[in-house]
Amino acid sequence: MENILTMSPSPHLSSGATTRRIMLDVIISLVPASVAAVVFFGWKSLMLIGVCILSCVVLEYICRKVMKRKNTTGDLSAVVTGLLLALNLPPGLNPLMAVFGCIVAIVVVKQMFGGIGNNFVNPAITARIVLLVSFPVPMTTWEKPFEWLNTADSVTGATPLALVAQGESTSYLDLFLGNRGGCIGETCVLALLLGGIYLVARRVISPIIPLSFIGTVFVLSFLLGGDPVFHIMSGGVMLGAIFMATDYTTSPMNPLGKLIFGIGCGVITVLIRLYANLPEGVSYSIILMNILTPHIENLTRPRPFGKERKHEKA
Amino acid sequence: MGDKLKLALKPFRIRGTVKAPHRKHTAGCESVIMPPPDEVLICMSQHIGAPCKPTVKVGQQVFVGQIVGDSEAFVSAPVHSSVSGKVKKIETITMPNGSRVEAVRIESDGLMTPDESVRPPEINGREDFLRAVRSSGLVGLGGAGFPVHVKLSADKDKVDTLIINAAECEPYITADNREALENSWGVISGIKSVMELLDIDRVIIGVEDNKPEAIRALDEVCQAANRDMKGNVSVLPLKARYPYGAEKVIVKACTNRVILEGKLPADVGCIVMNIASVAFISSYLKTGMPLVSKRITVDGAAVANPQNVIVPIGTKIRDIIEFCGGYKEQPEKLLFGGPMMGLALPDDEMPLLKQNNAILALSKKEAKRLEPSDCIRCGRCASVCPMGLTPPTLAGYVKLKDTHGLLKNGIMVCMECGCCAFACPANRPIVQSMRLGKELVKNAGKKEGK
Ligand code: SF4
Ligand code: SF4
């Protein structure tokens with residue numbers, strides 16, 4: 001026998017899970033929502049999705065090159081960021097603005113902090129907030145669904161949350177199916193739930209954050225006199241709770257931490273919606289909880305097996 | 001009592017664990033006895049504790065079961081010749097972990113003549129028994145190699161439960177399964193001796209439920225044993241997940257007792273013995289033949305005929321593999337033990353040690369591991385860790401060389417089971433970083449001590 005044996009530390013087996021496979025699962029889970037986006041808001045949304053994904057991947061590639069680090073576009077995380085950002089944009093947004101969002105997400109938030117796993121806030125959400133602050137009007141110009149079939153020029157509509165402020169309501173069925181104004185990927189509750197179920201079934205995410213987030217919005221909006229069913233199905237609650245708040249890097253790892261994180265997101269969302277001068281608070285709530293994540297994590301880290309409490313202070 | 005109660009026994013809850021592939025290809029292979037090889041290499045350190053000093057000289061005639069190395073230390077166990085023949089050389093060899101130890105090379109005459117000192121020990125009570133166990137050279141056969149007499153010497157008043165570890169949670173390995181099937185009466189008679197001599201009245205045999213035949217065989221002998229003595233021996237089917245066979249885990253699963261950091265099973269009233277160890281005690285009490293051979297699993301896609309073999313201790317791996325038909329293809333990795341905790345070997349010149357329970361020659365495909373990438377903080381490692389650790393946090397402290405942070409977050413509790421690295425999608429070398437962390441803590445402790 002020739003002496004070319006591999007010497008490596010144990011374990012010598014692996015479960016076969018890879019970052020790429022996880023990201024692929026997230027992409028698959030977002031397919032229904034992306035299809036719904038195209039159905040309701042037309043080819044413009046398909047273009048937005050394409051532009052965002054492409055620019056995120058290209059930007060990541062360039063960043064890694066410039067920083068002289070290993071190319072990581074193969075792990076598909078840039079695709080996920082691009083897709084999520086696109087789904088968080090209004091249908092009529094100028095694609096150049098979307099590219100600006102991608103720069104914020106990939107270059108500033110992700111790569112400048114060291115790449116995947118090192119950013120302290122969610123790239124897509126941060127990009128959305130930066131866009132919202134930089135371009136307040138285009139970022140809040142909504143379209144009615146199916147308008148793209150009727151006219152060449154888009155007719156502006158309003159989101160259900162804005163309509164409520166004007167005293168109009170949207171039916172639960174329309175909310176559930178996504179037949180309402182809003183960001184291209186956030187409207188179809190049905191599609192988002194399908195994606196969420198897929199992610200939980202594939203064990204990519206734990207259901208704790210989505211359930212506690214949505215549950216908190218439901219209970220708190222009810223207690224404060226709102227319509228709980230309406231609140232959980234409108235705005236970005238579903239998209240945020242299932243896909244954005246569950247981002248590994250910026251949410252706590254252990255179950256108790258996840259619960260606190262989810263409840264925190266829910267509380268802040270409802271408070272912003274009902275009391276602040278903003279119609280929607282999902283993005284802000286998630287980014288705030290992102291920032292608190294390291295602290296939640298420190299406070300909720302499980303006690304190691306057989307470690308005595310008094311020892312902890314030693 | 002009887003049937004119903006036993007079936008109602010359920011293991012207690014364990015956090016974490018992983019679903020490692022079983023790959024118990026050799027579960028149905030009846031053990032084959034390997035004829036003595038041309039030469040054996042008896043290593044002076046086949047246990048945890050003080051290494052032995054050779055007690056024989058070059059050129060001396062030795063017989064099977066004759067002591068060839070011993071030590072004065074309490075935490076140690078003598079080593080015996082596993083063949084009859086002539087001492088050829090006393091040399092220093094390098095162990096897979098890098099340490100260097102003495103070893104006695106014995107050329108076999110092929111006769112396997114037993115030594116005249118080999119006769120059943122006379123046992124009158126606990127002290128005699130412990131002495132006999134020591135001179136039998138028995139060490140924990142499950143892998144750790146802790147001298148068994150030390151374990152059994154635990155304070156008599158504290159210990160109330162004997163746990164027989166037949167979980168065999170490592171993939172591939174089926175030697176304990178064969179022990180249970182081929183030697184169930186030996187197992188129970190060994191258990192009885194330990195119960196009587198150490199005055200223990202509860203015994204739990206933990207077996208993973210992927211071995212229904214072993215469970216049935218053991219259950220049968222347990223019932224027979226319970227009929228003719230007052231004791232309470234039972235089989236507890238454990239979940240077939242890795243690492244149910246780890247000491248702290250099996251104690252928790254069987255008794256719900258938690259061994260505190262830095263403590264031993266005896267501190268919670270338990271003695272844990274491997275099933276092969278307890279079966280060996282029964283045969284030693286009958287024949288007086290010390291530990292000179294053992295049953296191991298030889299498997300892996302690079303081996304021609306995977307099987308269970310009873311091999312003289314000190315046989316070189318090359319000879320064992322040859323006995324199993326040689327290599328089918330160039331092995332990529334050669335392991336002592338299972339794929340989760342086993343040690344990779346540099347070549348096949350190493351002799352078999354007492355505590356080894358498997359030799360795996362993995363093919364390129366089996367041994368494949370991907371390049372590590374950046375941690376994505378997915379938390380899988382933390383959620384599968386049976387010890388409740390959070391590896392990314394600890395890895396951070398390792399980087400900072402912060403021993404205080406490491407200790408606070410339980411680095412010393414890590415048993416290097418490898419669940420974390422198994423589950424990690426980024427293929428982080430987590431276990432390696434844990435080992436590094438433990439080293440840091442130990443070194444810092446030494447400095448402070450001075
Ligand atoms: S499993 Fe790997 S990638 Fe996931 S948190 Fe642990 S070390 Fe990081
Ligand atoms: S090797 Fe250590 S950290 Fe990893 S799972 Fe096992 S006990 Fe936990």
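Start where the two chains meet: select chain A and chain B together, and you will find 43 residues of chain A in contact with 64 residues of chain B, contact meaning heavy atoms within 4.5 Å. This is a predicted model, in which local features need pLDDT of at least 70 and side-chain atom pairs count only at pLDDT 80 or more, while totals for chains, interfaces and linings use all residues. Residues are numbered from 1 along each chain as its sequence is written, chains are lettered from A and ligands numbered from 1 in the order in which they are written, and side-chain values use heavy atoms, with hydrogens and water left out.

**Stop 1: between the chains**

The area buried between chain A and chain B is about 4,500 Å², with carbon and sulfur atoms giving 56% of it; buried area is the accessible area (1.4 Å probe) that two parts lose on being put together, summed over both. On the chain A side, select H12(A), L13(A) and F305(A): these lose the most area to chain B, together 20% of what that side buries. Next, look for salt bridges, where a side-chain nitrogen of Lys or Arg lies within 4 Å of a carboxyl oxygen of Asp or Glu. There are 2 between chain A and chain B. K307(A) forms a salt bridge with E261(B), and their closest N and O atoms are 3.0 Å apart.

**Stop 2: inside chain A**

Now pick R202(A) and D25(A), a salt bridge whose closest N and O atoms are 2.9 Å apart. R202(A) sits in the loop between α9 (189–201) and α10 (208–223) of chain A, and D25(A) in helix α1 of chain A, 177 residues apart. Helices (H or I, at least four residues) and strands (E, at least two) are DSSP runs, numbered from the N terminus. Are these two partners buried or exposed? R202(A) is partly exposed at 40% relative accessibility, whereas D25(A) is buried at 2%. Buried means under 20% relative accessible area, exposed over 50%, and partly exposed in between (1.4 Å probe, protein chains only).

Select F243(A) next. Leaving aside neighbours within four places in sequence, F243(A) is in contact with residues including S29(A), L84(A), L192(A) and M238(A).

**Stop 3: helix α7 of chain B**

Move to residues 247–255 of chain B. Here 8 of the 9 residues of helix α7 are buried, so this helix is largely enclosed by the rest of the structure. Among the buried ones are K248(B), V249(B), I250(B) and T255(B). Which strands do they pack against? The partners are β9 (161–166), β10 (202–208), β11 (232–238) and β12 (270–274) of chain B.

**Stop 4: a salt-bridge network**

Select E39(B), K88(B), E91(B), R105(B) and K316(B), which are linked in a network of salt bridges. Within it, K88(B) and E39(B) have their closest N and O atoms 2.9 Å apart. K88(B) lies in strand β7 (residues 85–94) and E39(B) in strand β2 (residues 39–43) of chain B, 49 residues apart.

**Stop 5: ligand 2**

Finish at ligand 2, whose surroundings include C385(B), P386(B), M387(B), E416(B) and M434(B), counting a residue as near if one of its heavy atoms lies within 4 Å. E416(B) also meets R435(B) in a salt bridge (2.7 Å, N to O).
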